[in-house]
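I open my notebook here to keep track of what I look up, entry by entry. The sequence and the model come before my notes.

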Amino acid sequence: MYKELKKIKVQNQFTFSTDDSLEEVCNAPEAGSGIFLVYAVDGEEKVLIMVGSTGTIQNDGTLKIKNGGLFDKIVNGHQFAKTGRKYSWPAQMKLENISLLEVAWYETFNDKNKVIPTFLEGQILQNFLDENAKLPRWNVAF
């Protein structure tokens, strides 16, 4: 786990296989905002393949949450095509022969934490870049 994530209190994770419905297995909050890390799981080995975030901090310090929060961003956010992840992830998993994903999510901006989601996303991507000289393979750009 990245040290930046240790202080985030509201967090959880779920697994997703191509046989699952992403809408059914995703346990991220619809009113929450923060980041999510996606790992390809192969036995005991987990490889970080993507980092995403949702939520914007306004000038007055308040949070602007998109409808559906973290849940909607994970399930319906567009990736690999102009279609939601509930469709594109299973297709991409089959292409890459990935049988299981683990998705860890963190609510970074709430009553207990005031960490800007994109800031934390950037920190984790920077750490990954420092360690691997590239971004996680499902992150196209940052």
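**Entry 1: aromatic pairs**

I looked up the rings and found that the structure holds three aromatic pairs, where rings of Phe, Tyr and Trp (its six-membered ring) pair if their centres lie within 6.5 Å, and where planes under 30 degrees apart count as stacked, over 60 as edge-to-face and the rest as tilted. I note that this is a predicted model, in which local features need pLDDT of at least 70 and side-chain atom pairs count only at pLDDT 80 or more, while totals for chains, interfaces and linings use all residues. Residues are numbered from 1 along each chain as its sequence is written, and side-chain values use heavy atoms, with hydrogens and water left out.

For Phe16 and Trp89 I found ring centres 6.4 Å apart and planes at 50°, so this pair is tilted. The pair links distant parts of the chain, since Phe16 lies in strand S1 and Trp89 in helix H3, 73 residues apart; helices (H or I, at least four residues) and strands (E, at least two) are DSSP runs, numbered from the N terminus.

The rings of Trp89 and Trp138 have their centres 6.1 Å apart and their planes at 40°, so that pair is tilted as well. It links Trp89 in helix H3 with Trp138 in the segment after H4, 49 residues apart.

Are these two tryptophans buried or exposed? Trp89 is buried, with a relative accessible area of 0%, and Trp138 counts as buried at 3%, where buried means under 20% relative accessible area, exposed over 50% and partly exposed in between (1.4 Å probe, protein chains only). I also wrote down that ring pairs link Phe16, Phe80, Trp89 and Trp138 into a cluster.

**Entry 2: helices H2 and H3**

I then turned to helix H2 (residues 69–76) and helix H3 (residues 85–96), which pack at an angle of about 45° with their axes 6 Å apart; axes are lines fitted to C-alpha atoms, for helices over the stretch in contact, and angles run from 0 to 180 degrees between N-to-C directions. H2 and H3 are therefore oblique to each other, because angles under 35 degrees count as roughly parallel, over 145 as roughly antiparallel, 65 to 115 as roughly perpendicular and the rest as oblique.

Which residues of the two helices meet? Lys73, Ile74, Val75 and Asn76 in H2 meet Arg85, Lys86 and Trp89 in H3, contact meaning heavy atoms within 4.5 Å.

**Entry 3: the sheet**

Four strands form an open sheet in the order S1-S6-S2-S3, with antiparallel pairing; two strands pair if DSSP finds at least two bridges between them. Strand S1 (11–17) and strand S3 (45–54) stand at the edges with a single partner strand each, so one side of each is left without a neighbour in the sheet. Neighbouring strands of this sheet are turned by 20° against each other on average, direction ignored.

I looked up the pairings of S6 next. Eight bridges join strand S2 (residues 34–42) to strand S6 (residues 100–107), with Tyr39 opposite Glu102 and Val38 opposite Val103. S1 and S6 pair over seven bridges, and Gln11 has Tyr106 in S6 as its bridge partner. Seven of the eight residues of S6 are buried, so this strand is largely enclosed by the rest of the structure.
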